[in-house]
Amino acid sequence: MDRLAAMETFVLVVDTGSFSAAARRLNVGQPAVSKLVAQLEERLGVKLLVRTTRGLTATEAGLNYYERARRSIEEADEAELAARGAGSSLTGRLRVSAAITFTRIHLMPRLPEFLRRHPDLEIDFVLDDRNVDLVEEGIDVALRMGRLVDSSLIARRIASARHVVVGTPTYFERASEPLAPGDLAPHEAVIYDQAGGGENWTFQRDDAEIAVTLKGHLRVSAAEGVRAAVLANAGIAIASEWMFAPEIADGTVKVVIQDWGLPRIDLWAVFPAGRTVTVKARTFASFVQEILNPSSGGTND
């Protein structure tokens, strides 16, 4: 039995949820996949998979083996890349965690370019405005915004953006345009109820600071909802430039109070602790940095 081939087959069975799906991916018959997994279980002396009403599920031993087998496959891929040279195309699977709106606006339009560079690479996006557990979800690299609270993670800052006050021209015609932070008090606000959002903000100009508490009838836990509400003329929002980049560019929304500054927001590439950061994860992080900072050339910040 080829141990690496057995590992790759088992990982593929877990990823796809069935012997038949794994067999189709490998272009072999289902009996060959079943036999290889059975040989692996016999070699290890443990049951790795059980059949349930929803298909094949990994046992506790199977999940532990899956994580280590996946890591071994990645390290073997890394060794081959190193031997072939840094300019080689990436292969295998990359799992990325990122916020929904940020990915839709900034990453998906450029993703075909990345896949053209690496035609043998498959990317799984886990999209959620909340932070997911990197180990539990099998994430290779996560894109997170704001202050990092988990000091055990491996992180690299790849971009930074302004927070801005935005609203539609239609809303400002109705409610008047605020000229200073103190003018925000009577305005209806759409509050982004996630890390990096909230109702309390401090504006700065030179040595002066003004603290503001936004008030409004809408609190939204996803950026897509904040965007939809603002674009429906429901009120103003304080958000990153990334969240409204297309609308700021074409004038659909207007940035106001620009002579006062708000805290900037950082974008981090975050990697699971206790695992070697793969070439795939590093290369993808550099690509995102290249998108957001074209002059950086994808170098570390």
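The model described here is predicted. R93 forms a salt bridge with E122, and the closest N and O atoms are 3.3 Å apart. Because R93 belongs to strand β3 (residues 91-98) and E122 to strand β4 (residues 120-127), this pair ties together parts that are 29 residues apart in sequence. E122 is partly exposed, with a relative accessible area of 36%.

A second pair involves D124 and R95. D124 lies in strand β4 and R95 in strand β3, so here too parts 29 residues apart in sequence are tied together. R95 is buried, at 17% relative accessible area, whereas D124 counts as partly exposed at 21%. A network of salt bridges links R93, R95, E122, D124 and E137.

The structure holds 18 salt bridges; three of them are listed below.

| Salt bridge | Closest N to O distance |
|---|---|
| R93 and E122 | 3.3 Å |
| D124 and R95 | 3.5 Å |

R219 lies in strand β11 (residues 215-220) and D193 in the loop between β8 (188-192) and β9 (200-205), so the pair ties together parts that are 26 residues apart in sequence. R219 is partly exposed at 45% relative accessibility, and D193 is partly exposed at 39%.

Helix α5 (residues 100-107) is largely enclosed by the rest of the structure, because 6 of its 8 residues are buried. The buried residues of α5 are T101, F102, T103, I105, H106 and L107.

Note on methods: Residues numbered from 1 in each chain as written. Predicted model: local features only at pLDDT ≥ 70, side-chain atom pairs only at ≥ 80, totals over all residues. Heavy atoms only, no water. Buried < 20%, exposed > 50% of the residue type's maximum accessible area, 1.4 Å probe, protein only. Helix = DSSP H or I, 4+ residues; strand = E, 2+ residues; numbered from the N terminus. Salt bridge = Lys/Arg side-chain N within 4 Å of Asp/Glu carboxyl O.
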